[in-house]
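Let's take a walk through a protein together, one part at a time. Keep the picture beside you as you read.

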Amino acid sequence: MTATETETVPVSSPTTVEHVLTLDCSESPGIVHAVSGFLLEHGCDIIDNQQFGERSEGHFFMRVHFASDGDASTVDTLRAAFGPVAERFGMRWRLERQGSKRKVLIMVSKFGHCLNDLLFRARIGELPMDVVAVVSNHTDHQALVEWHGIPFFHVPVTPETKPAAEARLLELVDEFDVELVVLARYMQVLSDNLTRKLDGKAINIHHSFLPSFKGAKPYHQAYARGVKTVGATAHYVNAELDEGPIIAQQTVEVNHTYGPEDLVAAGRDTECKALSNAVRWHCEGRVILQGNRTVVLR
């Protein structure tokens, strides 16, 4: 190199990373200002924001999708820095990388349409989840699950073996570090003890939109009543059978020409759509539990 030559050192531009902050707390002045001020202070750019104030209960909900310079470790720095803001307002909050995949365990019995739909949507990247295991009390769908390269666990359930079966499920939840359990037409009633341990972390699909049609063969009950709409409800699991906080519902219009099997076929589509919506919104951090209700910030 001559005296007149200079060496050019490439300057690397910072990497942009995206995050999602979800929070709720009691309503009070200054919450939005504090959050937006925090983001401004840390050089973040808001991409999307949804918020809702429940005036009758005095509660506030917020979801912010934002970008910042940094790398994979930036989220930890932001979490530590946001702690004092959250503490000041008594917030329940979660801050994570945008697009982070939740570890999901699916449970199924003999009806496989919801399972197949979830596996397909996960495979093509439509749902931000990593299906780490499938548990069933039957072996009907073992080949399908293993074709997707997912571990399948056959856990039979009888009245005598139910406590052991639920203990095995909890072992798998711990083993695979499961963040969400999805009951994709799993036709077993979970014990109160299990529902407490999975509180806010288990979603079920109830194969009826109308709560009057509970239990077995809801579409046959609907046919006998001459209904004009059928549908499905996806909800969090709690101790009350099919009465957990509702996340998503889907309906389809029918008429007098629909026999019981036609209603079943129409119902399958609504079940798949309602469940996939609920799973997507949960995994994207859009669902906030508030008592026996949910707020879905879409």
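How many residues of domain 1 are in contact with how many residues of domain 2? Here 15 residues of domain 1 are in contact with 10 residues of domain 2, where contact means heavy atoms within 4.5 Å.

Before going further, a word on how to read this. This is a predicted model, in which local features need pLDDT of at least 70 and side-chain atom pairs count only at pLDDT 80 or more, while totals for chains, interfaces and linings use all residues. Residues are numbered from 1 along each chain as its sequence is written, and side-chain values use heavy atoms, with hydrogens and water left out. The score pLDDT is the predictor's confidence in each residue, from 0 to 100. Its average over the protein is 90, and 92% of the residues score at least 70. Residues 9-13 stay under 50, and the model gives them 0 contacts beyond four places in sequence. Where pLDDT is low, the predicted coordinates should not be read in detail.

Now for the two domains. Domain 1 covers 16-97 and domain 2 covers 102-296; such bounds come from an automatic or database domain assignment. Their centres, taken over C-alpha atoms, are separated by 31 Å. Between them about 940 Å² is buried, with carbon and sulfur atoms giving 43% of that area. Buried area is the accessible area (1.4 Å probe) that two parts lose on being put together, summed over both.

What links the two sides? Between domain 1 and domain 2 there are 3 salt bridges, a salt bridge being a side-chain nitrogen of Lys or Arg within 4 Å of a carboxyl oxygen of Asp or Glu. On the side of domain 1 that touches domain 2, at least two residues each come from β1 (16-26), β2 (45-54), β3 (59-69) and β4 (92-97). Helices (H or I, at least four residues) and strands (E, at least two) are DSSP runs, numbered from the N terminus.

The structure as a whole holds 14 salt bridges. In one of them, Arg92 pairs with Asp24, their closest N and O atoms lying 2.7 Å apart. Arg92 sits in strand β4 and Asp24 in strand β1, 68 residues apart, so this pair links distant parts of the chain. The side chains of Glu96 and Arg102 also form a salt bridge, at 2.9 Å from N to O.

Finally, look at two loops. Asp177 lies between α5 (162-175) and β8 (180-183), and has a positive phi of about 55° although it is not a glycine. Arg185, in the loop between β8 and α6 (192-197), has a positive phi near 65° and is likewise a residue other than glycine.
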